[in-house]
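Let's walk through this structure together, one part at a time. Have the viewer open as you read.

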Number of protein chains: 2
Amino acid sequence: MPVPGQIQSIERAVAVLRLLAAAPQDLALQEIAESLELPKATTHGIVATLRHVGLVQQNRSTARYRLDTEIQDLPGGGLDPNLLRSQSMNWADSLAANTGEAVLIGIPSPDGVEVIHHVFCPDGTPQRLLFGEIRPVHASALGKVLLAHTPWLRSRLRQSSLVRYTSRTTTDREALLEEVRRIKAVGYSVDVGEYVSESGGVAAPIRRYGGLGVGAISVFGPTDRIFSTSGAPRREITDRVVSAARAISEQLAELH
Amino acid sequence: MPVPGQIQSIERAVAVLRLLAAAPQDLALQEIAESLELPKATTHGIVATLRHVGLVQQNRSTARYRLDTEIQDLPGGGLDPNLLRSQSMNWADSLAANTGEAVLIGIPSPDGVEVIHHVFCPDGTPQRLLFGEIRPVHASALGKVLLAHTPWLRSRLRQSSLVRYTSRTTTDREALLEEVRRIKAVGYSVDVGEYVSESGGVAAPIRRYGGLGVGAISVFGPTDRIFSTSGAPRREITDRVVSAARAISEQLAELH
DNA sequence: ACATCGCGTTCGACATTGTCGAACGGTGCT
DNA sequence: AGCACCGTTCGACAATGTCGAACGCGATGT
């Protein structure tokens, strides 16, 4: 590779995409090949790959190619927090009502998890609004479930120090990664007094189409209300959090 | 290549794009690499290539990567004919007024060049509206200049027969391709009674960002008014057509 | 019906091409 | 100053993508 940053097949693939984007109609394989001055077989490999990953469609009857509409998801960017909040508010409200606990919704931010929505615990006790606060990635149910379902967040762990907040805070990187693996398998995360003593929560991932986590929703409250005496989270809470998260994810997927 | 349609580097590049699209913030190279479980150096090659082709941007100060806004041009599709017409009407009018001849604007269509706009010759003679008509690719100034600047059109020549309309129609493929090469160099095309005897025209390409032809604009009329006695097109006409085409292209580029 | 043409697709050998471990140089912590 | 981390470059290796040629199929024309 003489000059770095010149991977041939990628440049060719992008050229194909650009050509298809500019074409007013579906293009035949041969037309693509000749436009790019590439052999037919080579072009076929590229186009077939693009079709395989869903960026290009092939008309069943004419065998011609066009851009798949899914390519419009690309510029979508990182999901507007306001959109996420508006789409999840109703689910958060009913989750709080059904569990009788407070609910948080968070998204990844440079320094941790940013709380973009907070439904107070319906018991009416005085509470402080957590909206806009940043919670630690390694010591909150929200953070840990994001860690499990948002791969690029994991590498941020390496540099940020694992601050100890309580005696239960996980400060060992290896142990945390091990827990993240479990969370990924189970589908929800748990925090038992790791950030604030006697307070804990359960969180589940909100995903965008494709499965990548873009946010998380969490129920939290006094540990003795969230967890049973065995130490495990109460089943009706985990179930409700998980299904609320799934419902929000599906709702997001529906608006293309 | 065991399974066709699985070019590794392209799939990886698309995965990078998808990851960047889903990320709410700029991502570090390492974060991308670890998310995709690829070596850093490999990832760097892919990202550098994507940056090189303009789909990815790198923040100068943080060195982190994000999608380039240019990626939004991709789903743009093949430029709405109505948009092209509305953007070029004013130029077409003044071109007709300045040259005293009729003006056509055309776009590629499956069977030839479709006329999407027609300004009558201002001399007031009775004329038939050509809007919506299909003109042959090989025997019109509009068609030939599109041929020169829209590569995928050229391969359509191979199968369609070169119908003879007049004694001056080019029916030899090799000769036509040779002329197309000249047109590409000069920047405008000429038709001297090749479709209708005694009638001819001069056309120039309307380009989208990147240089690909998406349409063409043409002045046409009686050959003795368009061309000087030497047979060459009159200089003030070619100049005006070319600069009108360029102006429309730039105007199109301005709306992102 | 048969032959022909043009297309998309597959095959397989080759060497070009991308991959990846390791090392470099710069920047911001502590 | 020292360290730690990151983006980038280097270079050897072989896995990978490339591409000429051949296949199969449908449409066309005879």
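Two strands pair here if DSSP finds at least two bridges between them, and the elements themselves are DSSP runs numbered from the N terminus: helices (H or I) of at least four residues and strands (E) of at least two.

Before going further, a word on conventions: this is a predicted model, in which local features need pLDDT of at least 70 and side-chain atom pairs count only at pLDDT 80 or more, while totals for chains, interfaces and linings use all residues. Residues are numbered from 1 along each chain as its sequence is written, and chains are lettered from A and ligands numbered from 1 in the order in which they are written.

Now follow strand S8 (residues 213-222) of chain A, where 9 of the 10 residues are buried (20 or more other C-beta atoms, placed from the backbone, within 10 Å of a residue's own; exposed is 12 or fewer, and partly exposed lies in between). S8(A) pairs in the antiparallel sense with strand S3 (residues 102-109) of chain A over 5 bridges, and there A:Val103 has A:Val219 as its bridge partner. With strand S7 (residues 199-207) of chain A, S8(A) pairs in the antiparallel sense over 9 bridges; look for A:Gly201 opposite A:Phe220. The hairpin of S7(A) and S8(A) has 5 residues between the strands, and A:Gly210 takes a positive phi near 110° in it. Moving on to S6(A), you will find 4 bridges joining it to S7(A) in an antiparallel run, with A:Val190 partnered by A:Val202.

Axes are lines fitted to C-alpha atoms, for helices over the stretch in contact, and angles run from 0 to 180 degrees between N-to-C directions.

Turn next to chain B and its helices H1(B) and H3(B), whose axes come within 10 Å and cross at roughly 75°. That makes H1(B) roughly perpendicular to H3(B) (65 to 115 degrees; under 35 counts as roughly parallel, over 145 as roughly antiparallel and the rest as oblique). In this contact (C-beta atoms, placed from the backbone, within 7 Å), B:Ser9, B:Arg12, B:Ala13, B:Val16 and B:Leu17 of H1(B) meet B:Ile46, B:Val47 and B:Leu50 of H3(B).

How do the two chains meet? The contact takes 53 residues from chain B and 53 residues from chain A. On the chain B side, H1(B) provides the largest share, 10 residues.

Finally, look at DNA strand C. Of the 26 residues around it, A:Gln8, A:Ala28, B:Ser9, B:Pro39 and B:Ala41 come nearest, where being near requires a C-beta atom, placed from the backbone, within 6 Å. H3(B) supplies the largest share of this surface, 5 residues.

Terms used. Two residues are in contact if their C-beta atoms, placed from the backbone, lie within 7 Å.
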